[in-house]
Amino acid sequence: VRTVFIFCALFSISSLLMYAGYLRQIMGAGKSGWILAVGCLSVTYMGMYLLPTTGRPETLTSLMAMIIFLAWQQRKKLPQGVMDVTVTVLCGLMLATQLLSCFFCFLVFVTFDLLETKEVWKTVVRNLMRFVGVLMVGALAIAWSPIGFEATVLGIGAHAKQVMGRTERSGS
C-alpha cells in the first residue's frame with residue numbers, strides 16, 4: 001500500500017507542479033482580472049489532490065489531462081503526429097479509468113482545436129480519427145485490465161440498469 005501511495009503522491013505532485021507553473025505563467029502575463037480570479041480560485045480545487053487518494057483514478061487522470069493541456073499549448077512546436085499520439089493515448093487511458101474525465105478533456109481539447117484552426121474540416125476529420133483511436137486505446141486498456149473487457153462492460157451495464165431503474169428520487 002505504501003508503494004501505491006508513493007506513486008499516487010508522485011503523480012499528484014507532478015500534476016500540481018505543472019499546474020502551478022501554468023498559473024505562474026498566466027499570472028505574470030498581465031491577463032485580465034477574471035482569468036486571475038479563476039486561476040486563484042482553482043488553486044483550492046487543485047489542493048484536494050494533496051489529500052491521500054490511493055487507488056483513485058483522479059490521481060492519474062488529472063496528470064493525463066494536464067499533459068494534454070501542456071501539449072496543446074506547445075502544438076505549434078510539436079509535430080502533428082506527436083500531438084495525435086499524445087491525445088489519443090492519454091484520452092484512451094482516461095476512458096478506461098474515468099469516462100467523464102475522458103469526455104470533458106477530449107471535448108475541451110477539440111473545442112480549443114477548432115477555435116484555433118483555419119482548416120475546420122481537416123480539424124474535424126483529424127479529431128474524429130483521434131476519437132476512434134481513443135476508443136481503441138480505451139478498449140485495449142480495459143481488455144488488458146485484471147477484470148477484462150466483457151466483465152467490465154457487463155458491470156457497467158448492470159450499474160446503469162440499477163441507476164436508471166431507480167424509482168426513489170429523494171437524492172439521499
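Helix axes are lines fitted to C-alpha atoms over the stretch in contact, and the angle between two of them runs from 0 to 180 degrees between their N-to-C directions. The exercises below concern a predicted model.

**Exercise 1.** Determine how H4 is oriented relative to H6, and which residues make the contact.

*Solution.* Begin with the geometry: H4 and H6 pack at an angle of about 45°, and their axes lie 7 Å apart. The crossing in which H4 passes H6 is right-handed. Turning to the residues, H4 contributes, among others, Met-83, Val-87, Cys-91 and Gly-92, while those from H6 include Arg-130, Gly-133, Val-134 and Gly-138.

**Exercise 2.** Describe the span of H6, and state which of its residues are buried and what covers them.

*Solution.* Helix H6 comprises 25 residues, 120-144, and reaches 36 Å from its first C-alpha to its last, close to the 36 Å expected. Its buried residues are Thr-123, Asn-127, Arg-130, Gly-133, Val-134, Gly-138 and Ile-142. The cover over these buried residues includes helices H4 (80-97), H5 (99-116) and H7 (149-164).

**Exercise 3.** Identify the residues that touch the most other members of the largest nonpolar core, and then follow the contacts of Phe-109.

*Solution.* In this core of 16 residues, Ile-68, Val-87, Cys-91, Met-94 and Phe-109 touch the most other members. Helices H3 (58-73), H4 and H5 each supply at least two core residues, and the largest share, six residues, comes from H4. Setting aside neighbours within four places in sequence, Phe-109 contacts Ile-68, Trp-72, Met-83, Val-87, Asn-127 and Arg-130.

Conventions
Residues numbered from 1 in each chain as written. Predicted model: local features only at pLDDT ≥ 70, side-chain atom pairs only at ≥ 80, totals over all residues. Heavy atoms only, no water. Helix = DSSP H or I, 4+ residues; strand = E, 2+ residues; numbered from the N terminus. Expected span 1.5 Å × (residues − 1). Buried < 20%, exposed > 50% of the residue type's maximum accessible area, 1.4 Å probe, protein only. Contact = heavy atoms within 4.5 Å. Core = buried A, V, L, I, M, F, W, Y, C linked by side-chain atoms within 4.5 Å. Parallel < 35°, antiparallel > 145°, perpendicular 65-115°, else oblique. Left-handed = near helix turned anticlockwise from the far one by under 90°.
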